[in-house]
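Work through the following exercises with the sequence and the structure at hand. Each task is followed by a stepwise solution.

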Amino acid sequence: MTQGTNPRTRTDLLLLAAFCGFLFFYGLGAFGLVGADEPRYAQVAREMLDRSDWVTPTLQGKPWLEKPVLYYWQAMLAYRAFGITDQAARLPAAFDAAMLIAAIYFFLRRFRPGSELDGALITASCAAVIGFARAAATDMPLAATFAMALLGWYAWYESRTRVYLAAFYIFLALGTLAKGPVAPALAAVIIFLFVAVKRDWRAIPLTLWIPGIVLYLAVMLPWYIAVQLRNPEFFRVFILEHNLARFSQDLYHHRQPFWFYLPVFLLAMMPWTIVLIFAMVERVRLIWSEGKQAFSSPEDSWPLFLFIWMLVPVLFFSASQSKLPGYILPAVPAGALLVVEYLSARRNEAGRGDDKKLSPLFAAAHGVLCGLLIFTALSASLSAASIAINRHFSWGIRTYSAAVFAAVFAIGVTAAVLSRAGLRLLSRVTMFAVVVSVAAIIRFAAPIIDATQSARPIAESIQAFSREPVPIALFHVNRVQEYGLEFYLNRPAEKYEGGNIPAADHVLVAAQGTQSQVARLVPGRRVSYLTSIPAQKLELYWVGR
């Protein structure tokens, strides 16, 4: 029986399909599109599909050149297959996350056999991977293609099989189509630093393989040329403003302190943060004590490569004047694989009789972290309404029950990790914590998020009043709701603040308590109250002639 069809592989793949299906795909539409980016990207893809234009992204009929085209292409295909919905808008990220997990599984099965299932499951269960796999945004397409490119490069480095180098260039090109020149820039820095530390300078000219570069240009360049020819301002808007200027200046008010990404990355790695800290401490201690010998063997090259891969995006974007959490998502797979490498090494030690148990400190810290994960998910989900409306966390019987459940679970995890089978049980009990947490958020928090953070209920209220498309106007409504309404109603809204008051009868979405101001803005017109959206402090009016 071949390796690809053996029963263990089939069992692993079924388990991964079930796990990723739940974490990435289940309940994708449990709440509507949130934030400004999700509905904006979703609407850009819809407009491109409506025009059958696969080159120029547009918003409200005008070129929208902030991001490259990969996400839009994926969303257009999802719309064609499943209809234009918020679930379909999120499918590209979920699909890309699933492809990332599959790539990690098959890479580890080929080059680090025995760790493939844990590697795939641990990466899939990281908080940042789950969160961005459920977002209609460009972060996961970049992180997935970037990770697959680096896996391809390292597979080539270890085996010198050029098909892997070809895969590196193809996925790097897709990463360039996902978010621009940041993909090849980060890859170049990571590979250069790795080669420099290894003093294996021959790898650089071998990496610059002419057929691979041709593959990269063949995949990436046609769209960039086409969009530049159709939109002469593309280079200025995309390269100069949304790459160079965004990095060097705080153009879009995303300034954060230099250390911003340290807590962000630790949260992104939940629930594996403690294991990652132990892994990093051990790796630094090894380098400190052994110097060059710590990474002289082929087996030691892999954790070194992961260490550099993880650090470069975090340090690179820490230097940026514009910081958003999704920027360091490309570092998360490397962190997850470092966790896998650490646990595999401990298992090997246990197999040789060098170490029978994990340390009590490690077990207690990881148990507490898993308990905190469950408590945070359960208590935040059960108190979501209070948090959304009153902006504070309230304690009650449900919260105390969540705390008790989380404490019992934390004690159970600690005991399981301290047992002789601790290494084998570690990933299993941690996966249970992840599944419970995600299920709680989907079941309890999603309806509140939908009611308070998404424009979907506002659009549903407007559609309940009038099935026919009517003009929409806004007054003191934030841009999150503006972009959301534009997607759900598929038409732009005028803004009273700019003096753009529709001459025709229209629905006005306005902040609570502004009816008298509205009446003064439209003298001689009838303003009729329709309904309110208390969760978002909005009111709907019919403005007639």
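**Exercise 1. State the order of the five strands in the open sheet, and find its edge strands.**

Step 1. The order in the open sheet of five strands is 4-3-5-7-6, with mixed pairing. Strands here are DSSP runs (E, at least two residues), helices likewise (H or I, at least four), and both are numbered from the N terminus. Two strands pair if DSSP finds at least two bridges between them.

Step 2. Strand 4 (494–495) and strand 6 (526–533) each pair on one side only and are the edge strands.

Step 3. Helix 22 (residues 479–489) packs on this sheet and touches strand 3 (472–475), strand 4, strand 5 and strand 7. Its direction makes about 170° with that of strand 3. Contact means heavy atoms within 4.5 Å; axes are lines fitted to C-alpha atoms, for helices over the stretch in contact, and angles run from 0 to 180 degrees between N-to-C directions.

The model is predicted: local features need pLDDT of at least 70 and side-chain atom pairs pLDDT 80 or more, while totals for chains, interfaces and linings use all residues. Residues are numbered from 1 along each chain as its sequence is written, and side-chain values use heavy atoms, without hydrogens and water.

**Exercise 2. Describe how strand 7 is paired and how far it is covered.**

Step 1. Strand 5 (residues 506–511) and strand 7 (residues 538–544) run antiparallel and are joined by six bridges. Ala 510 has Glu 539 as its bridge partner, and Val 507 stands opposite Trp 542.

Step 2. Strand 6 also runs antiparallel to strand 7, with seven bridges. Here Val 527 stands opposite Val 543.

Step 3. The hairpin of strand 6 and strand 7 has four residues between the strands, and Lys 537 takes a positive phi near 55° in it.

Step 4. Six of the seven residues of strand 7 are buried, where buried means under 20% relative accessible area, exposed over 50% and partly exposed in between (1.4 Å probe, protein chains only).

**Exercise 3. Examine the backbone at His 476, Asn 490 and Pro 271.**

Step 1. Most residues other than glycine have a negative phi, and most peptide bonds are trans.

Step 2. His 476, in the loop between strand 3 and helix 22, has a positive phi near 55°. Its relative accessible area is 43%, so His 476 is partly exposed.

Step 3. Asn 490 lies in the loop between helix 22 and strand 4 and has a positive phi of about 55°. Asn 490 counts as partly exposed because its relative accessibility is 35%.

Step 4. The peptide bond from Met 270 to Pro 271 is cis, with omega near 0°. Pro 271 is in the loop between helix 13 (261–268) and helix 14 (273–290).

**Exercise 4. How do helix 7 and helix 8 run relative to each other, roughly parallel or roughly antiparallel?**

Step 1. The axes of helix 7 (residues 139–159) and helix 8 (residues 162–179) come within 7 Å and cross at roughly 160°.

Step 2. Helix 7 is therefore roughly antiparallel to helix 8; angles over 145 degrees count as roughly antiparallel, under 35 as roughly parallel, 65 to 115 as roughly perpendicular and the rest as oblique.

Step 3. Residues making the contact include Trp 153 and Trp 156 of helix 7 and Phe 168 and Phe 171 of helix 8.
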